Amino acid sequence: MKRALLPLGVFLALTIVLGIGLFLDPSEVPSPLIGKPAPEFAINRLYAPEQMLTKADLLGDVAVVNVFASWCTACREEHPYISALADEVPVYGLNYKDKREDALEWLAKYGNSYRAIAHDPKGRLGLDWGVYGVPETFILDREGIIRHKHVGA
């Protein structure tokens, strides 16, 4: 009798855990960086690889950092909204794990409303920011403190 109850108990426990997951919002991913300064960085710009984009470039205004890639279909879906947002607040791009040529072609096709774009072909800067996929968007205050992270389009 006890042997028959063990599989039933495991099944019920697993059902409860998975059932709870159905009601969670996958776009709300807790980030340990919320409320902390954005990581320091100096990385090549997409359009001018001889120039660097740094954290200092993001300071002084509320800013948005949008992580995107040319191979990301959700980024294409999100792009018109990011472009509209750029009319209201400075939006910086982080081109993540992408080839420079592919990113430039994608921006030529869909438009470029970013104030500046960092090129992160190996994903090292993205790792510092806690990026695990694209698109992801961060909101920074005037002092460079990360106030919000949104995952997904």
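**Salt bridges and the open sheet**

At 13% relative accessibility, Asp141 counts as buried, where buried means under 20% relative accessible area, exposed means over 50%, and partly exposed lies in between (1.4 Å probe, protein chains only). The model is a predicted one, in which local features need pLDDT of at least 70 and side-chain atom pairs count only at pLDDT 80 or more, while totals for chains, interfaces and linings use all residues. Residues are numbered from 1 along each chain as its sequence is written, and side-chain values use heavy atoms, with hydrogens and water left out.

**Salt bridges**

- A salt bridge is a side-chain nitrogen of Lys or Arg within 4 Å of a carboxyl oxygen of Asp or Glu, and by this rule the count comes to four.
- Asp141 forms one of them with Arg147, and the closest N and O atoms are 2.9 Å apart.
- Arg147 is partly exposed, its relative accessible area being 47%.
- Another salt bridge joins the side chains of Lys55 and Glu40 at 3.5 Å, N to O.
- Because Lys55 lies in the loop between β2 (52-54) and β3, and Glu40 in the loop between α1 (2-21) and β1 (42-44), this pair ties together parts that are 15 residues apart in sequence.
- Lys55 is buried, with a relative accessible area of 8%, whereas Glu40 is exposed at 61% relative accessibility.
- The side chains of Lys149 and Glu136 also meet in a salt bridge, at 3.3 Å from N to O.
- This pair links distant parts of the chain, with Lys149 in strand β7 and Glu136 in strand β6, 13 residues apart.
- Both Lys149 and Glu136 are buried.

**The sheet**

- Helices (H or I, at least four residues) and strands (E, at least two) are DSSP runs, numbered from the N terminus.
- Two strands pair if DSSP finds at least two bridges between them.
- Five strands form an open sheet in the order β5-β4-β3-β6-β7, with mixed pairing.
- The edges are held by β5 (116-120) and β7 (146-151), each with a single partner strand, so one side of each is left without a neighbour in the sheet.
- On average, neighbouring strands of this sheet are turned by 20 degrees against each other, direction ignored.
- Strands β3 (residues 63-68) and β4 (residues 91-96) pair in the parallel sense over five bridges.
- Val67 has Leu94 in β4 as its bridge partner.

**The helix across the sheet**

- Helix α2 (residues 73-85) lies across β3, β4 and β6 (136-140), and runs at about 165 degrees to β3.
- Axes are lines fitted to C-alpha atoms, for helices over the stretch in contact, and angles run from 0 to 180 degrees between N-to-C directions; contact means heavy atoms within 4.5 Å.
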